[in-house]
Amino acid sequence: MEIMYLNEDNLILANKNFISFMGEVNDLEILSPNVNSIVLKPNKKVKYYIKSKEYFANLKLNDISKKKINELSSYEEMCTKLLSVISKKPKVIILYNVDACICEKYKNKFLNFIRLINASIQIKFIIISNNPVFLNNISKEVIIMKNQIIKYQGTIINGIKSGFISKNEIILFIDEANKEKDAGLDYYLETKELLKAIYRSVF
């Protein structure tokens, strides 16, 4: 998990506030040079990096300001990095594998928070992950890179259909239902969306 930032705008974010990205940081650096990283010193307290508690509730955080960095959970550490970067008011924030730190309990709070920051401060976001379900909650469009070459750019669902993104269990179930039962189901990445589609097809 890493939080990085850019002090200048980015061509891949032209006319976009969020972009999903599958690949590694060194792939992204071809498109986005001058990536800045943030490192927290383990013995420093959170209040050394974050002067205001304004956004703690938005992220479902208790008052962690007096905790040392090495006392934080992975989610608390990620939020500390994020809030520290936001205070710098960069043009773009890069979230690298942050989904590894976010359990279901915090997911909606976190996603709503980055939308709030984008809307209120006009900071754009690049989200790097190999989890298409998480990415799809943020942006339906994805860029896939490998060995610093763009392999695919388009919607996540079409990326799955084209074989650029591996099928998850839900997609495999849909394939089986369409093959064995002629269900005629479109692709959905999350169970609740699939259940809605099944309900519509029945009623």
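Predicted model: local features only at pLDDT ≥ 70, side-chain atom pairs only at ≥ 80, totals over all residues.
Helices (H or I, at least four residues) and strands (E, at least two) are DSSP runs, numbered from the N terminus.

Residues are numbered from 1 along each chain as its sequence is written, and side-chain values use heavy atoms, with hydrogens and water left out.

**Stop one: the loop between β4 and α4**

Select Asp99, which sits in the loop between β4 (92–96) and α4. Is Asp99 buried or exposed? Asp99 is buried (under 20% relative accessible area; exposed is over 50%, partly exposed in between, with a 1.4 Å probe and protein chains only).

Now show what Asp99 touches: leaving aside residues up to four places away in sequence, Asp99 is in contact (heavy atoms within 4.5 Å) with Ser129, Asn131 and Phe134.

Stay in this loop and pick Asn97. Its phi is near 55 degrees, a positive value in a residue other than glycine. Most residues other than glycine have a negative phi. Asn97 is partly exposed, at 24% relative accessibility.

**Stop two: α3 beside α4**

Next, select α3 (residues 74–87) and α4 (residues 104–121). Their axes (lines fitted to C-alpha atoms over the stretch in contact) come within 13 Å and cross at roughly 5 degrees. The two helices are therefore roughly parallel, the word for angles under 35 degrees.

Which residues meet here? From α3 come Tyr75, Met78, Leu82, Leu83 and Ile86, and from α4 come Tyr106, Phe110, Phe113, Ile114, Ile117 and Ile121. Sorted by type, the contact has 11 nonpolar residues (Ala, Val, Leu, Ile, Met, Phe, Trp, Tyr, Cys and Pro), with no polar and no charged ones.

**Stop three: the loop between α7 and α8**

Go to Asp182, in the loop between α7 and α8. Asp182 also has a positive phi, near 50 degrees, and is exposed at 68% relative accessibility.

Finish on Asp186, in the loop between α7 (169–181) and α8 (191–202). Asp186 is exposed, with a relative accessible area of 52%.

Notes: Axes fitted to C-alpha atoms, helices over the stretch in contact; angles between N-to-C directions. Parallel < 35°, antiparallel > 145°, perpendicular 65-115°, else oblique. Lys, Arg positive; Asp, Glu negative; His and termini not counted. Salt bridge = Lys/Arg side-chain N within 4 Å of Asp/Glu carboxyl O.
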